[in-house]
Amino acid sequence: MPAEDLRDKNMEETKRKKKKKRFSYYGMRAVLVLYFRYFLLWDSDLSTSIYHAFVALCYLTPILGAIIADSWLGKFKTIIYLSIVYAVGQVIMAVSTIHDITDTDRDGSPDNLTLHIALSMLGLFLIALGTGGIKPCVAAFGGDQFQEHQSRQLNTFFSVFYLCINAGSLLSTLITPVLRGARSLSTLPEPPPPHRAPETFSTQQCGIHTQQQCYPLAFGVPAALMVVSLVVFIAGSGMYVKTDPEGNIMWSVCKCIGFAIKNRFRHRSKLYPKREHWMDWADEKYDKLLIAQIKMVLKVLFLYIPLPMFWTLFDQKGSRWTLQATTMSGDFGGFILQPDQMQTVNPILILTLVPIMDRLVFPLIQKCGLNFRYRMTRLKETMLRKQILEPLIVREHPLKRMTVGMLFAAAAFVCAAVVQVEIDKTLPDFPSSSQSQLKVVNMYGGSLGVRFSSGEPLTIHSYEASLSCSSQSSVDYLTFDQQEITVSLTTDPVITNPLRLIRGSRQTLVIPAEPERMYLEEDINSKPKEGKNAVRRAFTLSNGHQSCEFSRKFGFGSSYTFLVPADVFSSECESVKEVEDMEPNSVHMALQIPQYFLMTSGEVLFSVTGLQFSYSQAPKNMKSVLQAGWLCTNAVGNIIVLIVAELGKLPKQWAEYVLFASLLVAVSIIFSIMAYFYTYIDPAEIEAQILKEQHLDTEDEKKEKKKEETLEMQDKEVKQTKI
Ligand SMILES: C[C@H](N)C(=O)N1CCC[C@H]1C(=O)O
């Protein structure tokens, strides 16, 4: 097979594996929180924390995978072994979700939750080890399939690689929840009674003794796909370029760095001449090549320090931005988009933006001469003139692209702040922590005068029986600074009652047909969660006949009270009255598209380029290690989100967005300065040069030795002649 075909085939195999692997990973992530919440019955906080801890672990384990690959097994074998660990983890996870395994009394709920928790934690640990461990190896292994002069094809590979990640992510985010059995792909039902899914939300159920939400399928299908992808990958074994590991490189690196630090400390006196780089203090004991390779890696790792800030903003798509969407309207006419489904905009945009950027934007920038070329060593420039390294040199400045990517992400957060300001204008005016709010609902039957303590008397009209939209009415809340108030009704005789309000809360005073039996009802104090509606009923006197049925379309995030008269019969639905407590969300979710567009453009510039950069600047034997370092910036970014979300809550959400945007602008300025001083290298060239020098040194030494030997021989001969 011609070399080009072979390379294309290798690329295809690696991409196919990547696509299935990412389907598997993102698919599982899509249902994980729901499994914690509704199967293991953990509360929201614990579910979210364990979920984020799992994601952070997935981005920390790449270091382990990289060490195994570069020092011991090589990338190919590491991918295979860790894929097996991954698949085993997913199978354990799928088994842990089968309620029947512990449901001895067949009541539909597992009888030994501890076993399910233990199994799922073991499964998740193996998955994190597998997915994280494979990640740096897959990217570096793909890169290894290209030769030095194929830098353009290498860049294309990383772009396609990223496309595959997102194709997998998109498909799985859409399909896995369907496998679980959700009608709406990301509808989060309120926790049903333990282990029983409400009929209305479920389209697909499974189980042996009792039918339930299909978590085993949702986790099992990604596991099966993982096995398929492993088989496909192994089938292509003969076609890959496989680089062998060069011994325990990480251990040598640590020892070399340790020795350099120790040696530097021992020679801290000013009497000793300075060395160009602190790693040169390892010169006495370690190979020049190893020292040079460590210098290359350290230089890149130093450059990574500001990068987690990008991921801190990026990862808030899944948290803050989704929460923002819950206060918006997802009614797109033909279809309704749930708040967390808005996140699929990211992979969709990646699938369109990566080809556009690669084929259109970057070449255009290059043509217009906006990019500046690598700062090159003289040697390279000479070679360029001689057209030896042309394909290597005519590249854009990756660090500049990454800086622009960061600025795009900051702009996305400014957009999010503007949208937030618009949303805030439409949000109800909730009471502060020292205030209470009260609304009066009159079901008495006629108009009523109501007076609170010293305030002006109010006239509250009785609600007329109607359910038609045109006669909806909403009652404004009255705000009180005091908790203890008195209410007087202008009935005959006047009825006066003391009321105790709840600080920081909204309540409704319901005046039933018998007004002396008035009562307080607690209202909701925030927009209904996840963009849902809140509906409650208020009865005058329950007589067991409240069975009338009607259908009504509610807006996102609205809240209603239905007033049901005492004697309503199914034929008398019209006598039920609807009160709008909270208006539906009026700012449309489509307004989030510009921020998603900017963030995703930033991601393409930052993340895809970062992958290419990490590969191109790494020495041959440390490619996976540097990929792992790159992934670690993501883990640190996630951890910052967790910390900031807990500690740094600003009173206004838009202000928090602006704060994050400003921080990222500051960080990108620092990064651009660091980037300016970074000299691009060609690791292979440096390695070759050092090896050549070492070879020359040994040649010189040999020549010197030979000269000495010849001289000695001549001396001997002279002496013998004299004798
Ligand atoms: C789904 C994202 N668009 C994406 O592709 N990624 C987010 C973190 C890095 C990258 C991934 O490798 O999953």
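1. Domain layout. The chain splits into domain 1 (1-184 + 204-247), domain 2 (251-286), domain 3 (296-359 + 391-426 + 585-706), domain 4 (429-525) and domain 5 (533-580). These bounds come from an automatic or database domain assignment. Residues are numbered from 1 along each chain as its sequence is written. The model is predicted: local features need pLDDT of at least 70, side-chain atom pairs count only at pLDDT 80 or more, and totals for chains, interfaces and linings use all residues, while side-chain values use heavy atoms, with hydrogens and water left out.

2. Domain 1 against domain 3. In this contact (heavy atoms within 4.5 Å), domain 1 puts in 38 residues and domain 3 puts in 39 residues. The two domains bury about 3300 Å² between them. Carbon and sulfur atoms carry 67% of that area. Buried area here is the accessible area (1.4 Å probe) that two parts lose on being put together, summed over both. On the domain 1 side, Y59, F158 and Y162 lose the most area to domain 3. Together they make up 18% of what that side buries.

3. Ligand shell. The shell around the ligand draws at least three residues from domain 1 and at least three from domain 3. There are 12 residues around the ligand, and Y26, K135, N166, N346 and E603 come nearest. A residue counts as near if one of its heavy atoms lies within 4 Å. By class, six are nonpolar, three polar and three charged. Nonpolar means Ala, Val, Leu, Ile, Met, Phe, Trp, Tyr, Cys and Pro; charged means Asp, Glu, Lys and Arg; the others, Gly among them, are polar.

4. Helices at the ligand. Helix 1 (3-38), helix 6 (151-180) and helix 10 (308-314) each supply at least two shell residues. Helix 6 gives the largest share, three residues. Helices (H or I, at least four residues) and strands (E, at least two) are DSSP runs, numbered from the N terminus.

5. Polar contacts (N or O pairs within 3.5 Å). The side chain of E603 places an N or O atom 2.6 Å from a ligand nitrogen. For N346, a polar side-chain atom lies 2.8 Å from a ligand nitrogen. The protein covers 92% of the 340 Å² of accessible area that the ligand has on its own, by the Shrake-Rupley method with a 1.4 Å probe.

6. Backbone points to check. The D492 to P493 peptide bond is cis, with omega near 0 degrees. P493 sits in the loop between strand 7 (484-489) and strand 8 (495-500). L41 has a positive phi, near 60 degrees, and is not glycine. L41 falls in the loop between helix 1 and helix 2 (44-60).

Key: Polar contact = N/O pair within 3.5 Å; in protein donor to acceptor, adjacent residues only side chain to side chain.
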